[in-house]
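Please read it alongside the sequence and the coordinates.

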Amino acid sequence: MKLNLQGIADRQKWEEKGYHLPQYDVKKMAEATKANPFWIHFGAGNLFRAFHANVVQGMLDRGELDRGLIVAEGFDPEIIEKMYVPHDNLGIAVTLKSDGTIAKTVVGSVAEAIPLDTSRETSYRRLKEIFQKNSLQMATFTITEKGYSLTDGKGEPLPDAAADFAAGPEKPASYMGKVASLLYARFQAGRLPIAMVSTDNCSHNGDKLYAAVAAFAEKWEKNGKAEAGFAAYIRSGQVSFTWSMIDKITPRPDASVEELLRKDGVEDLDPAVTSKNTYVAPFVNAEETEYLVIEDAFPNGRPELEKGGLMFTNRETVDKVERMKVCTCLNPLHTCLAIFGCLLGYRKISDEMNDPELKKLVEAVGYTEGLPVVTDPGILNPKEFIDRVLKIRIPNPFMPDTPQRIATDTSQKLAIRFGETVKAYAASETLDVASLKLIPLVFAGWLRYLMAVDDEGNSFQLNPDPFLETVCPYVAGWSLEAPGTSAEAEAVLRPVLENQKIFGADLYGLGLAEKVCGYFQELSAGKGAVRRTLRKYAG
Ligand SMILES: NC(=O)c1ccc[n+]([C@@H]2O[C@H](COP(=O)([O-])OP(=O)(O)OC[C@H]3O[C@@H](n4cnc5c(N)ncnc54)[C@H](O)[C@@H]3O)[C@@H](O)[C@H]2O)c1
Ligand SMILES: O=P(O)(O)OC[C@@H](O)[C@@H](O)[C@H](O)[C@H](O)CO
């Protein structure tokens with residue numbers, strides 16, 4: 001069973017093994033999409049394939065859409081070369097339900113997969129052509145939070161972005177420069193409207209995308225590299241930068257799922273870790289729960305994506321729903337389990353929920369410290385949401401999610417996942433920031449994680465993070481064998497703890513920095529200290 005158009009032509013073979021195949025003519029769909037694309041997505045990674053592409057597949061199956069998606073990959077072209085091209089853009093989406101049942105879907109909704117690389121002339125020309133089409137209504141993104149950044153860990157401009165500011169939209173090298181150049185093509189084609197929809201896990205994600213694109217538009221216009229009016233077009237509402245909340249736990253492709261598909265007879269399933277560290281395979285594995293809530297601002301219209309389960313609402317509600325999920329009810333709990341899971345040698349998130357201290361830790365961070373500052377968004381109930389996260393979704397033993405995946409880029413996530421709660425306590429008239437005990441413990445846990453030594457004293461590989469070079473040197477002199485005092489910890493950690501970009505709040509001003517240093521000292525006081533500290537404060 002080969003995963004390509006010829007391979008799935010023998011439908012019976014696949015269907016007998018329980019695979020749901022496209023119920024539409026994939027070639028016809030691709031032709032119609034290429035002629036009149038309505039949706040382009042940036043970031044051809046796992047979440048896109050498990051969520052966006054799968055939603056469109058369902059709508060195509062039911063005849064609710066007549067065209068599919070185009071995907072552009074501007075950071076890691078290997079994803080397209082290794083996983084899209086050899087499989088005619090087909091992928092297998094494996095849904096691992098909490099009752100142990102599994103759904104296997106061959107997703108055929110991706111009509112074109114194009115590298116976003118200005119040095120590949122044909123691809124870049126094609127992307128410009130797509131952006132010049134009247135039919136294009138929306139561009140979505142899953143490019144990780146750092147994908148929107150124009151500066152490095154020290155706040156210095158990234159060299160690519162700085163060079164692109166000066167050089168103009170002709171051949172940009174930076175990701176956001178490339179996106180801005182495509183919008184410039186759309187501007188030149190008649191100032192056509194479009195919705196730019198970040199679906200990354202960052203707060204006010206649309207503002208991040210807007211800030212980056214607007215920076216290019218303004219610089220280019222100022223430098224005489226873009227026609228007058230481009231910056232105004234970006235600001236005008238003709239181009240919207242909607243906010244969104246996205247939720248679907250999508251672990252990296254797992255060997256157990258690969259084995260399952262292989263046993264069915266599916267060939268050529270080998271996963272790969274690309275040179276840019278993306279974990280890819282011809283299949284994706286994810287949970288069944290999914291939410292995509294988007295601010296309903298689509299200046300060129302949109303199909304009825306509600307039929308695919310997407311929710312559309314106003315910006316204020318997206319904000320509340322996103323804060324509920326990212327700042328309290330899911331992602332902070334994930335980060336707790338990621339940090340302590342790496343320190344305690346766990347390889348599976350669901351196993352951590354069987355660890356009494358870790359379970360208590362996340363329950364306290366979520367229910368006790370987080371929930372009091374959550375505003376009910378109205379469209380999803382926070383208590384029901386967190387109950388489902390902690391009782392069904394994260395403990396789902398069939399989900400092969402790992403602390404190591406979630407521990408990636410933690411420096412970029414602490415501010416939003418915990419800093420907002422800290423700030424809300426500080427601003428509250430009824431809550432006392434000094435009562436926060438476990439969020440500071442997670443901050444200390446991350447500093448302890450940066451030592452890259454687990455609780456048994458074995459070294460482990462830190463997960464990629466753009467700030468590692470900036471922050472690791474602060475803990476480099478600290479050792480489990482000769483732990484210092486908490487005052488000594490404070491002396492070395494002060495520059496990190498003062499960095500509000502990392503923690504999202506003024507930990508010194510709020511009196512939390514000393515608490516973090518004390519915990520760090522306890523967590524690093526020899527082998528087994530992480531367990532002892534958890535038992536003391538969360539047990
Ligand atoms: N996986 C999940 O459970 C999940 C759920 C909700 C939201 N998200 C959001 O989606 C994002 C992607 O998750 P995924 O599971 O698809 O990850 P992935 O590793 O499978 O794919 C990451 C994608 O981002 C691109 N990328 C990585 N670094 C980049 C950079 N510096 N600049 C531009 N592009 C870059 C990669 O090329 C790839 O297309 C997450 O960072 C998160 O914001 C993920
Ligand atoms: O994707 P990241 O790296 O921002 O965060 C890791 C996980 O917390 C995240 O992917 C969750 O699985 C997701 O947010 C669930 O919807």
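The structure is a predicted model, in which local features need pLDDT of at least 70 and side-chain atom pairs count only at pLDDT 80 or more, while totals for chains, interfaces and linings use all residues. Residues are numbered from 1 along each chain as its sequence is written, and side-chain values use heavy atoms, with hydrogens and water left out.

**Sheet**

Three strands form an open sheet in the order 10-14-15, with mixed pairing. Strands are DSSP runs of E with at least two residues, and helices are runs of H or I with at least four, both numbered from the N terminus; pairing requires at least two DSSP bridges between two strands. At the edges lie strand 10 (244-247) and strand 15 (311-313), each of which pairs on one side only. From one strand to the next, the twist averages 15°. Strand 14 (residues 291-295) pairs with strand 15 in the parallel sense over three bridges. Phenylalanine 312 in strand 15 has isoleucine 294 opposite.

**Annotated region**

An unreviewed UniProt entry places the feature "domain: Mannitol dehydrogenase C-terminal" at residues 318-507; such annotations may be inferred rather than shown by experiment. Over residues 318-507 the chain is 60% helix and 0% strand, with the end C-alpha atoms 28 Å apart.

**Helix pairs**

The table gives the geometry of two packed pairs; axes are lines fitted to C-alpha atoms over the stretch in contact, and angles run from 0 to 180 degrees between N-to-C directions.

| Helix pair | Axes | Angle |
|---|---|---|
| Helix 21 (residues 486-497) and helix 23 (residues 513-523) | within 9 Å | roughly 120° |
| Helix 13 (residues 331-343) and helix 19 (residues 438-449) | 9 Å apart | about 40° |

Helix 21 is therefore oblique to helix 23, a class left after roughly parallel (under 35 degrees), roughly antiparallel (over 145) and roughly perpendicular (65 to 115). Their crossing is right-handed, meaning that the near helix is turned clockwise from the far one by less than a right angle. Contact (heavy atoms within 4.5 Å) involves residues including Leu493 and Leu497 of helix 21 and Val516 and Phe520 of helix 23. The residues of this contact divide into seven nonpolar, three polar and one charged.

Helix 13 and helix 19 are oblique to each other as well, and their crossing is left-handed. Among the residues in contact are Ile339 and Phe340 of helix 13 and Trp446 and Arg448 of helix 19. By class, this contact has nine nonpolar, one polar and one charged residues; Ala, Val, Leu, Ile, Met, Phe, Trp, Tyr, Cys and Pro count as nonpolar, Asp, Glu, Lys and Arg as charged, and the others, Gly among them, as polar.

Note on methods: Chains are lettered from A and ligands numbered from 1 in the order in which they are written.
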